[in-house]
Amino acid sequence: MKLKEVLGGIYVMITEEEENLITNHFSDGDYVSETQLSDREGVLADKLTHKGVLVATLRGYKTV
């Protein structure tokens with residue numbers, strides 16, 4: 001488990017699998033659509049959205 005800072009200086013716990021998803025797909029700051037993610041990665045992105053680490057938009061997911 002790792003700590004990730006979100007808006008407002010709040011820290012949330014994320015798993016290593018979630019951290020790998022962030023480093024592999026969201027390191028450049030662009031939008032990532034659901035079609036670019038596997039089924040498992042889509043579930044992880046949804047969980048990260050609920051935790052406040054990712055934002056879901058019409059263009060796809062983006063880091064906060």
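I first read the order of elements, which from the N terminus is β-β-α-α-β-β, with helices (H or I, at least four residues) and strands (E, at least two) taken as DSSP runs numbered from the N terminus. The radius of gyration, taken over C-alpha atoms, is 11 Å, close to the 11 Å from the globule rule for 64 residues, so the protein is as compact as a globular protein of that length; the rule itself is 2.2 Å times the number of residues to the power 0.38.

I noted that this is a predicted model, in which local features need pLDDT of at least 70 and side-chain atom pairs count only at pLDDT 80 or more, while totals for chains, interfaces and linings use all residues. Residues are numbered from 1 along each chain as its sequence is written, and side-chain values use heavy atoms, with hydrogens and water left out.

Next I looked up burial, and found that 27% of the 64 residues are buried (under 20% relative accessible area, 1.4 Å probe, protein chains only).

Which residues have the most contacts inside the largest nonpolar core? They are Leu21, Phe26, Leu48 and Val53, in a core of 14 residues, where a nonpolar core is a set of buried Ala, Val, Leu, Ile, Met, Phe, Trp, Tyr and Cys residues joined through side-chain atoms within 4.5 Å. Strand S2 (11-14), helix H1 (16-25) and helix H2 (39-51) each give two or more residues to this core, and H2 gives the most, with three.

Leaving out residues up to four places away in sequence, I listed Phe26, Leu37, Glu41, Leu44, Ala45 and Leu48 as touching Leu21 (contact: heavy atoms within 4.5 Å).

Methods. Buried means under 20% relative accessible area, exposed over 50%, partly exposed in between (1.4 Å probe, protein chains only).
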